[in-house]
Each structure stands twice: as C-alpha cells, then as structure tokens.
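Work through the exercises below with the structure in view, trying each task before reading its solution.

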Amino acid sequence: MPFYVYAWIACFASASTVIITKLTSKYSIKNPWLFNFLWAFVILLFTIPLSIYNHAGFPKDWLPIIIAGVFGALWNILYIQSMYKIDVSTLSPLFNFRLVFAVIIGSVFFQEQLTSYQFMLFIAILIGGIFATFDERLSIKSFFKPAIGIGLLAMLFLALNNASIKVALVHNGIWTANLWMSIVTVLTLLPTFYFFKKDVSKVNFKQFLPVLGMGVLQTVTNVAGNIAYSANLSITSLIMAVPLSMIIVFLFSIFAPSILEKHPIKVYVIRFSSALFMIWAALQLSR
C-alpha cells in the first residue's frame, strides 16, 4: 500500500483511541488511577510478543530507558487525569504544546539554538491554546483552570519522554527499548495501586474490553505510523496532524449530544480555528 494509506490508518486509529479513552473514562471506569494502570499494562501485553518476535534483548544503555519509562508513566498519569476533566475538543489541541516543550528541551539539554521565529511560533501556539479552551462564556479564564494545567504538564512529560526515547535508541535497538521502557513504565505505576486497590475486584470483562481495544488501536497507530514516517516524513506529519478526534466529537455533538460533549456551534468554530492555527504553527516549528 502507498505510505499515505498507512498514515491515514495511523491517524484514524489514534483518533479512535482518544475517543475510546474519553468514553471509557465517562461511562466505564470511574477511577482514573485504575484506568491508567490497566492501559499501561495492556500496552505492555501487546509489546512483549512483538518485541520477542523482533529479537529484543537486554539494553546496552539502561539509564535513558529508565528515564523514558518514568517520564512515560508520568505522561500516562497526567493524560488520563486530564481526560476525566477536559473535553476532547479542548485536550486534543494541547498536544501541539509538545513541540514547544520539545524545542525548549532541545535548547536546554542539547544546546540547540532558538531563533526569533521559533519564539514567535511559541507565542502563536500559546494564543491558539488559550482560544482552544473557550467554552460558552468565551472567557480567557478558561485557559487558567487547574485541569488545563494538568493537560499542559502531561504534554511536558510527553516531550521529555520523546527526548529520552531518542537518547535510548542511540545504543539500544528499537524493540529492546520499547520492551524495557514499557516494563519500567508499569513498574513505576505499581505504587499507584494504593489509589485503586478497592476497585480492582469490581472490574469486569465488559469494562476491560475498551482498554483492550485501546491497546490494539495503539499498536496499529505505532506500526502504521512508523511505516508512513519512514517513507515520507513531511506528508505523514501533515496527515497525522489532522484533528480527526475533534471532528468525531463535533459529529457526536450534533447527532448524539448526550454521549460525549455538547457546545454551541460558535464554540466549536473557535476551537477548530484555534486548533488549525496551532497545528500550522507546530508544523512550522518542527521543520
């Protein structure tokens, strides 16, 4: 298949994961700590056989793998926590802040020089992020809520996780790194058992099923995305930037408003416009 087909498959699988995550948090698993651990555990279950099949072994350089795994756990925690508190159409645009943090991290830790144009793009993404959080009140105060802070902190740890992964891959194979980073992530999350131990026995297969589906979709996203990126980075990046999850949520708001979220059309116009503006700035920043 052409690379762009893989890119669209990855984009759709990623958007579907976001929607299932929100639906699960809203209707199935009420404890975010339990949801978070189950998700990380399912990802590990899918990672183990794929890694063994691709001849994963023991790491040659443990430190970046441990750091990446810990940052991955912190990303998981904060992302799931924010999913319980924020609309999908608000949370999705915040992913563009990951590139802002990535550039800053590159400047601080890898001596990559920042340009005045990059600073302008930072400001553009910040402004877009403020408008992307607007609700019916159309107030700038909506950006300065604790829930938005949790979402932004999640993006910071995601950027740190990505930076650590790049270092981990210098001396370790991709499948070895993936396997052990997943193991470290789950081990890091073990202490959170205290926050969901009373709910473990209450989870049934019906509740676990969407988390299993998320694991399948995440695997599809990773495999299809990697194939597409290896063939054409720029076009794949454009396709992956399409805010499909926001489009799906908007359609739900029209045809099934009680399922996910419901806002006036003007709110979605502002959020979509802001998201597209942020995506443009983020793509410029990634060049």
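**Exercise 1.** Decide whether Val 216 is buried, partly exposed or exposed, and find the surface patch that includes it.

Solution. Val 216 has a relative accessibility of 41%, which makes it partly exposed, because buried means under 20% relative accessible area, exposed over 50%, and partly exposed in between (1.4 Å probe, protein chains only). This valine lies in helix 10 (residues 205–231). Together with Met 1, Ile 9 and Val 220, Val 216 makes a nonpolar surface patch of about 330 Å².

The model is predicted, so local features need pLDDT of at least 70 and side-chain atom pairs count only at pLDDT 80 or more, while totals for chains, interfaces and linings use all residues. Residues are numbered from 1 along each chain as its sequence is written, and side-chain values use heavy atoms, with hydrogens and water left out.

**Exercise 2.** Find how many salt bridges there are, and describe the partners in each.

Solution. A salt bridge is a side-chain nitrogen of Lys or Arg within 4 Å of a carboxyl oxygen of Asp or Glu, and by this rule there are two.

Step one: Asp 87 pairs with Arg 271, their closest N and O atoms being 3.3 Å apart. This pair links distant parts of the chain, 184 residues apart, since Asp 87 sits in the loop between helix 3 (62–83) and helix 4 (88–94), and Arg 271 in helix 13 (residues 265–285). Arg 271 is buried, at 2% relative accessibility.

Step two: Lys 202 and Asp 199 form a salt bridge at 3.8 Å, N to O. Lys 202 is exposed at 58% relative accessibility, whereas Asp 199 is partly exposed, with a relative accessible area of 23%.

Definitions and conventions. Helices (H or I, at least four residues) and strands (E, at least two) are DSSP runs, numbered from the N terminus. Patches are made of residues with over 30% relative accessible area and no salt bridge: like charges are joined within 9 Å, nonpolar side chains (Val, Leu, Ile, Met, Phe, Trp, Tyr) within 5 Å. Accessible areas come from the Shrake-Rupley method with a 1.4 Å probe; for residues, only the protein chains shown count as cover.
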